[in-house]
Amino acid sequence: MQALLKLSRGIDAMTTTIGRWLSWLILIAVIISSANATIRKIFDVSSNAYLELQWMLFGAVFLLCSPWTLLKDEHIKIDIVNHHLPLKVRSWIDLIGHVFFLMPFCIVVLWTSIPFFLVSYHQNEQSFNAGGLPQWPAKSLVVLGSALLLVQAVSEIIKRVAVMRGLLPDPNRLALSAHEQAALEAERLAEAISSETK
């Protein structure tokens, strides 16, 4: 099990590095969007390439940072139900969800997206819009994103099994419900407002 945990730590480090670096693409997309809008308003000139680059950058962040979201446990859960269950039940739900839903989903998307990308790449598929960008780089993001998510799912399964065997502390024991998080945020805001009015 220690070898698997070492593998899991390596996967987590890779996922964190990729996520942190690629999250900067949001800033680049905002800069391109602002520049494009400014140029269009001032000079009455626009480019489909800039518009398509914006959604490609957003797609890169969405698809390639999804493993980082999974690692940080920031994906959507049904907290109303989850926080009322014992920790052992939550662990089983996480494990079953990863093994029987997340992994098959990633495998199916990966399996079907490879030919989808290859056809586009070999045809050098271009945008239907005048002056647009090639389409195959955007389609490659689906392949890369599903592969990275599959690898991170393996890491999450390893960690969940380790938690169930008592080799790692359970991250769910410190997790707050959505209601508790909202209450803490309301308290923080109330304190900030009261300190500003003094």
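Is D73 buried, exposed or partly exposed? D73 is partly exposed, with a relative accessible area of 38%. Here buried means under 20% relative accessible area, exposed means over 50%, and partly exposed lies in between (1.4 Å probe, protein chains only). This is a predicted model, in which local features need pLDDT of at least 70, side-chain atom pairs count only at pLDDT 80 or more, and totals for chains, interfaces and linings use all residues. Residues are numbered from 1 along each chain as its sequence is written, and side-chain values use heavy atoms, with hydrogens and water left out.

**View 1. Two aspartates with positive phi.** D73 has a positive phi of about 60°, although it is not a glycine. D73 sits in the loop between α4 and α5 (79–82). Helices here are DSSP runs (H or I, at least four residues), numbered from the N terminus. D44 is not a glycine either, yet its phi is positive, at about 55°. The loop between α2 (25–43) and α3 (48–64) holds D44. D44 is exposed, with a relative accessible area of 70%.

View 2. Helix α7 covers residues 136–164, which is 29 residues. The expected span of a helix is 1.5 Å times one less than its number of residues. For α7 that gives 42 Å, and the end C-alpha atoms are 42 Å apart, so the two agree. Just after α7 comes G166, with a positive phi of about 80°.

View 3. E125 forms a salt bridge with K139. A salt bridge is a side-chain nitrogen of Lys or Arg within 4 Å of a carboxyl oxygen of Asp or Glu. In this pair the closest N and O atoms are 2.7 Å apart. The pair links distant parts of the chain: E125 is in the loop between α6 and α7, K139 is in helix α7, and 14 residues separate them. K139 is buried, with a relative accessible area of 17%. The structure holds five salt bridges.

View 4. E156 pairs with K159 in a salt bridge, and their closest N and O atoms are 2.9 Å apart. The two residues are three apart in helix α7, so about one helical turn separates E156 and K159. An α-helix has 3.6 residues a turn, so residues three or four places apart point the same way. E156 counts as buried because its relative accessibility is 14%. K159 also counts as buried, at 18% relative accessibility.

View 5. The side chains of R188 and E185 meet in a salt bridge, at 2.6 Å from N to O. Both lie in helix α8 (residues 178–197), three residues apart, so about one helical turn separates them. R188 is partly exposed, with a relative accessible area of 46%. E185 is partly exposed too, at 35%. Elsewhere, salt bridges that share partners join D12, E156 and K159 into one network.

**View 6. A nonpolar surface patch.** W92, I96, V99, F100, F101 and M164 make a nonpolar surface patch of about 610 Å². Patches are made of residues with over 30% relative accessible area and no salt bridge; like charges are joined within 9 Å, and nonpolar side chains (Val, Leu, Ile, Met, Phe, Trp, Tyr) within 5 Å. Accessible areas come from the Shrake-Rupley method with a 1.4 Å probe; for residues, only the protein chains shown count as cover. Helix α6 (residues 87–122) gives the most to this patch, with five residues. F101 lies in α6. F101 counts as exposed because its relative accessibility is 58%.

View 7. A cavity is a set of points, on a 1 Å grid over the protein atoms alone, where a 1.4 Å probe fits but cannot get out; lining residues have an atom within 4 Å of a point. Grid points are joined across faces, edges and corners, and a volume is the space filled by probe spheres set on the points. The count comes to one cavity of 30 Å³ or more. The largest cavity has a volume of about 40 Å³. Its lining is T15, I18, G19, L64, C65, P67, W68 and L148. α1 (2–22) and α4 (66–71) each supply at least two lining residues. The largest share, three residues, comes from α1.

**View 8. A130 and A49.** A130 is in the loop between α6 and α7. A130 counts as exposed, at 65% relative accessibility. The C-alpha atoms of A130 and A49 are separated by 8.5 Å, while the two residues are 81 residues apart along the chain.

Definitions and conventions:
On a 1 Å grid over the protein atoms alone, a cavity is a set of points where a 1.4 Å probe fits but cannot get out, and a pocket is an open set with protein on both sides within 12 Å along at least five of seven lines; lining residues have an atom within 4 Å of a point.
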